[in-house]
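Q: I would like to learn how to read charged pairs and helix contacts in a model such as this one. Could we go through them step by step?

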Amino acid sequence: LGRADVGGLLDDVGEERALRASTLRNERALLLGKRVLVLDMEGLSPSTLRGLPTFKRLIDIMQRHYPGSVASILVVNCPLLVWTAYKVVQ
């Protein structure tokens, strides 16, 4: 997520198309069993944060339609400010 041009992706293909593509990947991944998601936050910037509402929709879809399909989520290279905010909210 950190270096991804989420805003550019959304501008190019639109939110609905990006969500459909991700849903298709989820359908294929179900054949392999549970997954570990790795979120690399290196390079996180305000332009990346623009995609957070879409990311939240994706997480909601996964929880609603694919419950239990994610074994764990690993967040790496998280900026100190984000890590601190997470710890406060947690």
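Q: Which side chains meet in a salt bridge at 2.8 Å, N to O?

A: Side chains of opposite charge can pair when their charged atoms come close. In this predicted model, the side chains of Glu15 and Arg57 form such a salt bridge, with N and O 2.8 Å apart. Because Glu15 belongs to helix H2 and Arg57 to helix H4 (residues 52–65), the pair ties together parts that are 42 residues apart in sequence.

Q: Is Arg57 buried or exposed, or something in between?

A: Arg57 has a relative accessibility of 33% and therefore counts as partly exposed, and Glu15, at 27%, is partly exposed as well.

Q: With which other residue does Arg57 form a salt bridge?

A: Arg57 also pairs with Glu16, where the closest N and O atoms are 2.9 Å apart; this again links distant parts of the chain, with Arg57 in helix H4 and Glu16 in helix H2, 41 residues apart. A further salt bridge joins Asp60 to Lys56 at 3.1 Å between the closest N and O atoms, and these two, 4 residues apart in helix H4, are separated by about one helical turn. Through shared partners, Glu15, Glu16 and Arg57 are joined into one network.

Q: How do the axes of helices H1 and H2 cross?

A: The axes of H1 (residues 6–13) and H2 come within 7 Å and cross at roughly 105 degrees, so H1 is roughly perpendicular to H2. Leu9, Leu10 and Val13 of H1 make the contact with Glu15, Arg17 and Ala18 of H2, which by class gives 4 nonpolar, no polar and 2 charged residues.

Terms used
Residues numbered from 1 in each chain as written. Predicted model: local features only at pLDDT ≥ 70, side-chain atom pairs only at ≥ 80, totals over all residues. Heavy atoms only, no water. Axes fitted to C-alpha atoms, helices over the stretch in contact; angles between N-to-C directions. Parallel < 35°, antiparallel > 145°, perpendicular 65-115°, else oblique. Contact = heavy atoms within 4.5 Å. Nonpolar A, V, L, I, M, F, W, Y, C, P; charged D, E, K, R; others polar. Salt bridge = Lys/Arg side-chain N within 4 Å of Asp/Glu carboxyl O. Buried < 20%, exposed > 50% of the residue type's maximum accessible area, 1.4 Å probe, protein only.
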